[in-house]
Every structure is written in C-alpha cells, then in structure tokens.
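Here's a quick briefing to read with the model open beside you. Have a look at the structure first, then we'll go through it topic by topic.

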Amino acid sequence: MRHVLCHYHLFKNSGSTFEALLDKNFGERHIRFEGSFKFSKVSQDEFSRIIRNTEGLAYSSHQLNLPVPSSLDFNPLPAVFLRHPLLRLHSIYRFTVKDPSTADRHMPVDAANFRAWVEEAKVNRSSLQSLSNAQTRAYSCVYGRIPVGRRSDSTGAIEYDYWQAVRNLEQVPLLARTECFDEDVARFAEQLRPYGINFKTERQAPVNVTAPDFDASVDERLDNLLELLGDELYRFLETINEQDLSLYAYASRRLV
C-alpha cells in the first residue's frame with residue numbers, strides 16, 4: 001500500500017511554513033496544486049486521480065476538503081492546522097493589506113486599520129460570512145459535498161455542522177496549531193514512521209508572517225488585539241466565532 005501525506009492548506013493557518021518544511025523533506029515529490037480559480041474546489045475523486053497519476057510523497061492544496069479520498073491503491077494521511085480564530089482574522093487583514101489580490105471579494109479592501117475593517121465587515125451581510133467560523137466551515141464537509149450552514153438570527157454568525165468537523169478531525173493523525181507550530185509538528189515524525197515516511201522536523205522559520213507581535217504568547221497577542229479593537233468589537237468577533245473557538249479548544253485538549 002502506498003502512503004501519502006496530504007496537507008489541507010487553509011489560508012493564514014501556517015500552511016506556507018509547513019509547505020517549506022515539506023519541500024525540505026520531499027523536494028520534487030512534494031506536489032502543490034490548485035483549481036482553475038481562487039474559488040475552485042478539488043473534490044475527493046479529483047484528488048484521488050491526482051494522487052494515482054503522480055509519484056508524490058506529499059500533496060498540498062488550498063482547495064481540498066475533508067474527509068480524505070477513499071482508495072484501494074493508497075492511504076492518505078491528512079495534515080491539518082488550526083489557529084485561534086481572532087488571531088487568524090488579524091493575520092488575514094494584515095496580509096491582504098500587503099497583497100490586495102488575496103482579499104476575499106466580500107471584504108473591505110480600503111479600511112484604514114483592522115478595527116475599521118471589522119466594523120465595515122460587521123454591517124455587510126456578505127462580509128460577515130467571511131468573519132465567522134471559517135475553520136469550522138472548511139473542516140465540516142462530507143464526501144463530495146460542500147458544508148451545510150445557516151445564519152444565526154440572534155448573532156448573525158454563520159453556523160456549520162460543528163460535530164461533523166470534529167468527526168473529520170478525529171480522523172486526522174497530523175493535527176497541529178499555528179500558535180504551537182514547532183511543538184505540534186515535532187510529533188509528525190513518529191506518527192509517519194509506521195507508514196515508511198521519513199520526516200525530519202527541524203525548526204522551520206515562519207513564512208509570510210505579518211504580525212509585529214508574532215513572537216509574543218497567545219495571551220499577550222489577544223490582549224493586544226483587545227486593546228486594538230475595543231471590548232465591544234472583540235466580544236463580537238468571539239460571539240460569531242464560537243464554533244471556531246470550540247474547535248481550537250478541541251485541538252488544544254487533544255494535543256496536550
């Protein structure tokens with residue numbers, strides 16, 4: 001049986017840093033691919049064809065959804081990163097200021113600062129969807145289908161099938177958190193060894209980092225964010241990301 005590492009690259013979840021580590025380990029046998037458009041999705045069946053028709057040891061794409069493909073020819077070993085949702089949103093804002101071409105088409109592109117960006121998005125129904133529970137959305141699909149979701153009448157949050165996301169992540173052996181990148185990725189070598197994959201996990205310099213306080217603790221960075229946003233907007237982001245916060249807490253409990 002052929003065993004392959006499959007990296008589910010979610011925007012601003014330390015995926016570029018992990019891909020640099022995959023390049024060091026596997027060279028040309030680390031295969032990146034995307035669909036024709038930024039909004040494209042690569043289905044499990046399409047992903048299966050890519051794996052069957054290439055000789056990669058590791059695969060990376062922004063456009064894959066869990067669960068992994070089902071196959072009699074290969075065993076996909078998914079790698080997934082979670083990030084504190086408020087820190088992720090701040091990172092998205094800072095990155096899109098640096099490179100406007102990466103901005104979600106529903107989000108404001110000329111906000112004066114992060115606070116203004118959140119305030120503008122808060123009053124726009126389409127933009128609000130981009131602020132709310134994006135990681136739960138990304139990880140809550142079922143085979144061959146997009147995730148189910150609905151808007152909360154009370155908070156405006158977009159709610160997804162949280163327990164489907166948990167079920168999917170339960171099947172992910174290579175789970176890590178952006179905020180604990182080195183510590184969590186260090187586990188991967190032992191987890192991959194039984195499958196005959198030699199993976200070296202030396203310290204990897206972060207890629208595409210925009211936050212000036214990136215080296216501070218999570219609590220310190222959240223305190224800085226609270227000061228930047230003010231209590232009302234900060235609590236608003238917490239409210240509309242309740243599922244993502246729960247998913248991050250799930251990952252933290254599992255990785256203790």
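How much accessible surface does the protein have, and what share of it belongs to carbon and sulfur atoms? The total comes to about 12,900 Å², with 49% belonging to carbon and sulfur atoms; areas come from the Shrake-Rupley method with a 1.4 Å probe, and for residues only the protein chains shown count as cover.

A word on the ground rules. This is a predicted model, so to speak: local features need pLDDT of at least 70, side-chain atom pairs count only at pLDDT 80 or more, and totals for chains, interfaces and linings use all residues. Residues are numbered from 1 along each chain as its sequence is written, and side-chain values use heavy atoms, leaving out hydrogens and water.

**Overall build**

- The protein has 12 helices and 7 strands (DSSP runs numbered from the N terminus: H or I of at least four residues for helices, E of at least two for strands).
- Its radius of gyration is 18 Å, close to the 18 Å that the globule rule gives for 256 residues, so the protein is as compact as a globular protein of that length. The radius is taken over C-alpha atoms, and the rule is 2.2 Å times the number of residues to the power 0.38.
- Along the principal axes, the C-alpha atoms fill a box of roughly 55 × 35 × 35 Å.
- Buried residues make up 51% of the 256 (buried is under 20% relative accessible area, exposed over 50%, partly exposed in between, with a 1.4 Å probe and protein chains only).
- Take the contacts with a separation of 6 or more: 72% of them are between residues 24 or more positions apart (a contact means heavy atoms within 4.5 Å).

**Strand 1 and its neighbours**

- Strand 1 (residues 2–8) has 5 of its 7 residues buried, so it is largely enclosed by the rest of the structure.
- It pairs in the parallel sense with strand 4 (residues 74–82) over 7 bridges, and His 7 has Ala 79 as its bridge partner there. Pairing takes at least two DSSP bridges between the strands.
- Strand 1 also pairs in the parallel sense with strand 3 (residues 58–61), over 4 bridges; here Cys 6 is partnered by Tyr 59.

**Helix 11**

- In helix 11 (residues 231–240), the buried residues are Leu 233, Tyr 234, Phe 236, Leu 237 and Ile 240.
- They sit on the same side of helix 11, because they cover an arc of only 160° around the axis (the arc is that of the directions from the helix axis to the C-beta atoms).
- The cover over these buried residues includes helix 3 (85–98), helix 4 (114–122), helix 5 (125–131), helix 10 (218–229) and helix 12 (242–254).

**Cysteines**

- A search of the whole structure turns up 0 disulfides, counting a pair of cysteine sulfur atoms within 2.5 Å as one.

- The peptide bond from Leu 66 to Pro 67 is cis, with omega near 0°; Pro 67 is in the loop between strand 3 and strand 4.
- Lys 12 has phi near 65°, a positive value in a residue other than glycine. Lys 12 lies in the loop between strand 1 and helix 1 (15–26) and is buried, at 11% relative accessible area.
- Asn 133 also has a positive phi, near 55°, and is in the loop between helix 5 and helix 6 (134–139). Asn 133 counts as buried at 2% relative accessibility.
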